[in-house]
Amino acid sequence: MPGVNAFDKNVDRYEQWFVDNPLAYVSELRALRALLPTNGSGIEIGVGTGRFAAPLEIRNGIEPSRSMAEVARKRGVEVVAGVAEHLPFMDGEFDFALMVTTVCFLDDMDMAFQETRRILKPGGLFVIGFVDRASPLGMAYQDRKDKSAFYQDATFYTVEEVVSRLRKNGFGGLAFRQTLFSPLPEIEEVEPVKEGHGEGSFAVVRGEKQ
């Protein structure tokens with residue numbers, strides 16, 4: 001998984017983004033919550049420091065960065081070491097899986113999506129939150145990725161590209177939410193959450209295991 005060392009060495013810088021952008025953070029949480037089930041057993045794949053799993057009450061996570069996992073555990077998340085392409089869980093173990101800003105760091109998206117499908121129960125839900133490459137924020141991240149401690153090895157995707165991979169790997173019944181309609185420095189209140197995609201920089205896609 002590219003960038004693991006960068007996350008290990010820059011946990012404080014990662015955490016600082018949420019401190020510096022609290023309204024964007026809350027907006028993202030609301031967009032994710034709109035498509036997450038309200039009950040059942042869930043896991044966040046690429047849980048990081050637990051910034052999303054903890055407030056969304058997801059108690060299980062998998063994370064390759066030891067330093068990030070330590071912070072997530074302090075937030076009450078049970079974290080297992082590992083990567084999305086080789087999930088150390090039984091078939092049909094979870095009702096839903098969440099992946100937030102992790103898709104751009106995957107070594108093999110197809111393998112990761114197949115593994116996610118495997119650990120979900122029949123009809124289980126897979127919720128992915130990410131910055132749309134075609135959005136203003138996505139294009140800005142793309143332009144300056146070489147100067148970023150985190151995104152140098154990242155591959156950004158459009159919503160259409162993620163949707164294509166979801167369908168290819170056995171997910172259907174897709175639903176969409178979006179937020180972050182303003183540039184980050186100009187956000188003065190929590191951004192709205194809208195259905196669909198193509199306007200907001202932060203996209204959320206939910207697929208159902210077929």
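Biologist: What volume does the largest cavity have?

Modeller: Bearing in mind that this is a predicted model, the largest cavity has a volume of about 60 Å³.

Biologist: And how many cavities of 30 Å³ or more are there?

Modeller: The count comes to two cavities of that kind, with 30 Å³ or more as the cut-off.

Biologist: Which residues line the largest cavity?

Modeller: Its lining is made up of Thr101, Val103, Cys104, Phe130, Val131, Tyr151, Phe156 and Tyr157. By class, seven residues of this lining are nonpolar and one is polar, while none is charged.

Biologist: Now the pockets. How much space lies in the largest pocket, and which residues lie nearest its centre?

Modeller: The largest pocket holds about 870 Å³ of space, and of the 44 residues that line it, Tyr14, Trp17, Tyr141, Phe150 and Tyr151 lie nearest the centre. The elements that contribute two or more residues to this lining are helix H1 (4–9), helix H2 (11–20) and helix H6 (136–143).

Biologist: How does that lining divide by class?

Modeller: The lining of the largest pocket has 26 nonpolar residues, together with nine polar and nine charged ones.

Biologist: What about the second largest pocket, what is its volume and what lines it?

Modeller: The second largest pocket has a volume of about 260 Å³, and it is lined by 15 residues, of which Pro37, Thr38, Leu56, Glu57 and Phe96 lie nearest its centre. Its lining divides into six nonpolar, six polar and three charged residues.

Biologist: Changing topic to the rings: how many aromatic pairs are there?

Modeller: There are nine aromatic pairs by the rule used here. One of them joins Trp17 and Phe18 in an edge-to-face arrangement, with 5.2 Å centre to centre and 80° between the planes.

Biologist: Are those two buried or exposed?

Modeller: Trp17 is partly exposed, with a relative accessible area of 24%, whereas Phe18 counts as buried because its relative accessibility is 6%, and the cut-off for buried is under 20%.

Biologist: Which other pair would you point to?

Modeller: I would point to Phe126 and Phe171, whose ring centres are 5.3 Å apart and whose planes stand at 50°, so this pair is tilted. Phe126 belongs to strand E5 (residues 120–131) and Phe171 to strand E6 (residues 171–179), so the pair ties together parts that are 45 residues apart in sequence. Both Phe126 and Phe171 are buried.

Biologist: Which rings link into a cluster?

Modeller: Ring pairs link Tyr14, Trp17, Phe18, Tyr25 and Phe52 into a cluster.

Biologist: And where does the charged end of Lys194 sit?

Modeller: The charged end of Lys194 sits over the ring of Phe181, at 4.7 Å from the ring centre.

Biologist: One last topic, helix H4: which of its residues are buried?

Modeller: In H4, which runs over residues 66–74, the buried residues are Met68, Ala69 and Ala72. They are on the same side of H4 because they cover an arc of only 100° around the axis.

Biologist: Why do residues three or four places apart point the same way?

Modeller: An α-helix has 3.6 residues a turn, so residues at that spacing point the same way.

Biologist: What does the face of H4 turned away from the buried side carry, and what follows the helix?

Modeller: That face carries the exposed residues Arg66 and Lys74, and H4 is followed by Gly76, whose phi is positive, near 95°.

Definitions and conventions
Residues are numbered from 1 along each chain as its sequence is written. This is a predicted model: local features need pLDDT of at least 70, side-chain atom pairs count only at pLDDT 80 or more; totals for chains, interfaces and linings use all residues. Side-chain values use heavy atoms; hydrogens and water are left out. On a 1 Å grid over the protein atoms alone, a cavity is a set of points where a 1.4 Å probe fits but cannot get out, and a pocket is an open set with protein on both sides within 12 Å along at least five of seven lines; lining residues have an atom within 4 Å of a point. Grid points are joined across faces, edges and corners, and a volume is the space filled by probe spheres set on the points. Ala, Val, Leu, Ile, Met, Phe, Trp, Tyr, Cys and Pro count as nonpolar, Asp, Glu, Lys and Arg as charged, and the others, Gly among them, as polar. Buried means under 20% relative accessible area, exposed over 50%, partly exposed in between (1.4 Å probe, protein chains only). Helices (H or I, at least four residues) and strands (E, at least two) are DSSP runs, numbered from the N terminus. The arc is that of the directions from the helix axis to the C-beta atoms. Rings of Phe, Tyr and Trp (its six-membered ring) pair if their centres lie within 6.5 Å; planes under 30 degrees apart count as stacked, over 60 as edge-to-face and the rest as tilted. A charge sits over a ring if NZ of Lys or CZ of Arg is within 6 Å of the ring centre and within 35 degrees of the ring normal.
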